[in-house]
Amino acid sequence: MVAQLLECEADLAVGDFFITSERENFIAFAGPCWMESSLTLYGYQKELEERNIFVFFRPFSGSLWAMIVFTPIIFSLVVSLFRYCNIPDGIREKIGKRRLISFLYRQAIWQLFATLNQQGTETDSDDEVTIEVNSDDSKTIEVNSDGSEKSPIMGLGKKLKCTCLGKSKTTCSSRILFGGWYFFAIIVVATYTANLASNFIANTIPSGIQSVDELVHQTQVQYGTVIDSSAERFFNLSPINTYKTMGVHMKNNKGVMVENVRAGIDRVRNGSGSYIFVWDSLALQYAVNTNPDCDTRLIGRDFDHGGYGFGMRKGMPYEENFTLALLQMKDDYFIEKLRNKWIYDNKKCDSTETENAKVGSPTAIELKHFGGVFAILPIASGFAVVVYCVSCCLRRCRYCN
């Protein structure tokens with residue numbers, strides 16, 4: 001546009017035409033900048049793991065998943081041990097120690113897994129559990145959850161009914177154990193649910209690049225701007241290392257440059273994340289909002305802040321008239337109304353500039369972040385051991401008296 005003005009092919013240059021000191025040497029600008037703008041990055045975004053059917057595993061890391069799976073297997077040993085200790089010796093001998101421990105372990109591990117999945121078990125809905133025993137005794141003995149024996153009743157023989165294996169767990173040590181497990185399960189489920197929702201909400205990521213610095217320190221995604229533009233000159237003359245590096249990259253790789261803004265926007269939309277276009281933030285925000293596929297976004301913070309101006313040849317007689325008219329439009333908020341009309345109100349996508357700039361993939365929760373949760377179980381187990389020992393001592397003292 002500067003060349004057209006100098007060659008008298010045009011009298012006025014209007015558009016996303018930046019005011020620069022170099023252009024001021026050759027042409028004049030009417031008054032102050034009529035709209036402020038800056039440079040930014042325009043990139044492609046895609047569905048995160050859109051073909052991954054196991055996306056529900058993403059909230060936790062592999063090591064944490066392994067710990068969650070093996071924890072109830074190990075903790076059920078503690079639960080079954082406490083239940084075994086609460087059953088009278090006579091009942092243990094009648095059933096058989098190995099048979100009883102095996103049964104208690106199977107019941108405990110299933111109950112812990114069911115609790116972790118926020119579900120009940122079939123043993124929770126029954127008041128008693130029947131175990132077959134190798135005995136010729138024709139009686140069935142009922143045992144309370146605290147280990148005391150109910151009055152015997154007639155049965156079918158070779159069976160033992162134990163309400164202590166069902167829903168009722170009234171011993172203090174068992175309540176402490178399960179209280180610790182319930183607290184552990186609540187934290188695990190709540191954390192998983194929250195992080196899974198976060199993964200589904202923030203399910204877009206533009207080639208992993210979130211800022212200008214990340215763009216400079218990678219080689220997979222190409223980036224460029226319009227050739228022979230003020231943006232290219234900014235990168236070539238900038239004293240800042242980041243922008244200077246970008247200028248060297250564009251100079252050494254002419255294939256990353258485009259002829260005009262439309263070519264840069266189309267290259268991003270058709271590149272599936274392989275190209276990032278650097279240009280004016282307002283023009284690119286309009287491109288994001290009006291993209292029917294809603295698969296592009298702005299990346300990172302803006303830089304090289306400046307403003308648009310009306311360019312004309314020096315000495316034009318109507319320069320002062322344009323200056324006064326621009327000032328009047330700014331005072332009447334006409335420029336602001338135009339900005340809202342074309343940039344913010346004319347949107348086809350729901351995403352805003354801020355949301356697009358900050359969207360990303362939440363990191364998986366590691367085991368080191370969850371260590372305190374697993375500490376709940378040994379603490380509860382230790383406290384339950386203390387309570388059980390005190391209960392045994394009190395029981396023996398009662399028998400001695």
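**Exercise 1. The buried residues of helix H10**

Identify the residues of helix H10 (residues 261-271) that are buried in this predicted model, and state where they lie around the helix axis.

*Solution.* Step 1: Gly264, Ile265, Val268 and Gly271 of H10 are buried, the cut-off being under 20% relative accessible area. Step 2: These residues span an arc of only 140° around the axis, so they lie on the same side of H10. Step 3: The elements that cover the buried residues of H10 include strand E2 (35-44), strand E11 (275-280), helix H11 (281-289) and strand E12 (296-308).

**Exercise 2. The packing of H11 and H13**

Helix H11 also packs with helix H13 (residues 334-344). Determine how the two helices are oriented and which residues meet.

*Solution.* Step 1: The axes of H11 and H13 are 8 Å apart, and the packing angle is about 45°. Step 2: An angle from 65 to 115 degrees would count as roughly perpendicular and one under 35 degrees as roughly parallel; H11 is therefore oblique to H13. Step 3: On the H11 side, Leu282, Gln285, Tyr286 and Asn289 take part, and they meet Arg339, Trp342, Ile343 and Tyr344 of H13. Step 4: By class, this contact of H11 with H13 consists of five nonpolar residues, two polar residues and one charged residue.

**Exercise 3. The crossing of H3 and H5**

Describe the crossing of helix H3 (residues 62-85) and helix H5 (residues 97-116), and classify the residues in contact.

*Solution.* Step 1: The axes of H3 and H5 come within 8 Å and cross at roughly 135°. Step 2: Since only angles over 145 degrees count as roughly antiparallel, H3 is oblique to H5. Step 3: The crossing of H3 and H5 is right-handed. Step 4: The H3 residues in this contact include Ile68, Pro72, Phe75 and Arg83, while those in H5 include Lys97, Leu104, Ile109 and Phe113. Step 5: The contact of H3 with H5 comprises 17 nonpolar, four polar and two charged residues.

**Exercise 4. The setting of Ser102**

Locate Ser102 and decide whether this residue is buried, partly exposed or exposed.

*Solution.* Step 1: Ser102 is situated in helix H5. Step 2: Its relative accessible area is 33%, so Ser102 is partly exposed. Step 3: Ser80 is 22 residues away from Ser102 along the chain, and their C-alpha atoms are 8.7 Å apart.

**Exercise 5. The chain as a whole**

State how many helices and strands the protein chain has, and what share of its residues is buried.

*Solution.* Step 1: The chain has 16 helices and 13 strands. Step 2: Of its 401 residues, 44% count as buried. Step 3: Among contacts with a separation of 6 or more, 76% join residues 24 or more positions apart.

Methods:
Residues are numbered from 1 along each chain as its sequence is written. This is a predicted model: local features need pLDDT of at least 70, side-chain atom pairs count only at pLDDT 80 or more; totals for chains, interfaces and linings use all residues. Side-chain values use heavy atoms; hydrogens and water are left out. Axes are lines fitted to C-alpha atoms, for helices over the stretch in contact, and angles run from 0 to 180 degrees between N-to-C directions. Helices (H or I, at least four residues) and strands (E, at least two) are DSSP runs, numbered from the N terminus. A crossing is left-handed if the near helix is turned anticlockwise from the far one by less than a right angle, and right-handed if clockwise. Contact means heavy atoms within 4.5 Å. Ala, Val, Leu, Ile, Met, Phe, Trp, Tyr, Cys and Pro count as nonpolar, Asp, Glu, Lys and Arg as charged, and the others, Gly among them, as polar. Buried means under 20% relative accessible area, exposed over 50%, partly exposed in between (1.4 Å probe, protein chains only). The arc is that of the directions from the helix axis to the C-beta atoms.
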